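User: Can you walk me through this one? I'd like the overall fold, then a look at one residue.

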Amino acid sequence: MSERRTKSDWAKQVHELLEIHYPKSKRVRLVMDNLNTHTISSLYETFAPDLALS
């Protein structure tokens, strides 16, 4: 966890969740609140497009 709650922090947590905790899963369903950092654009602002899409 991070002390801040930036778009980049959230994107990195999602990446860790998918790549480290559930790397073999075909699908992961995220249930999120309405915090303004929880958006697809956060992934694109943090990672290259090919990584943001995967």
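This is a predicted model: local features need pLDDT of at least 70, side-chain atom pairs count only at pLDDT 80 or more; totals for chains, interfaces and linings use all residues.

User: What are the box dimensions along the principal axes?

Analyst: Roughly 30 × 20 × 20 Å for the C-alpha atoms of the protein chain.

User: OK, and how many helices and strands?

Analyst: Three helices and zero strands. Going from the N terminus, the order of elements is α-α-α.

User: What share of the contacts is between residues 24 or more positions apart?

Analyst: It's 64%, counting contacts in the protein chain with a separation of 6 or more.

User: How much of the chain counts as buried?

Analyst: 17% of the 54 residues. The protein chain exposes about 4800 Å², with carbon and sulfur atoms supplying 53% of that area.

User: Now the single residue. Where is Asp9?

Analyst: Asp9 belongs to helix α1, which covers residues 7–21.

User: Is Asp9 buried or exposed?

Analyst: Buried, because its relative accessibility is 16% and the cut-off for buried is under 20%.

User: Which side chain does Asp9 make a polar contact with?

Analyst: That of Thr6: the two side chains are joined by a polar contact of 3.0 Å.

Definitions and conventions:
Residues are numbered from 1 along each chain as its sequence is written. Side-chain values use heavy atoms; hydrogens and water are left out. Helices (H or I, at least four residues) and strands (E, at least two) are DSSP runs, numbered from the N terminus. Buried means under 20% relative accessible area, exposed over 50%, partly exposed in between (1.4 Å probe, protein chains only). A polar contact is a pair of N or O atoms within 3.5 Å; within protein, one must be able to donate a hydrogen and the other to accept it, and residues adjacent in sequence count only if both atoms are side-chain atoms. Contact means heavy atoms within 4.5 Å. Accessible areas come from the Shrake-Rupley method with a 1.4 Å probe; for residues, only the protein chains shown count as cover.
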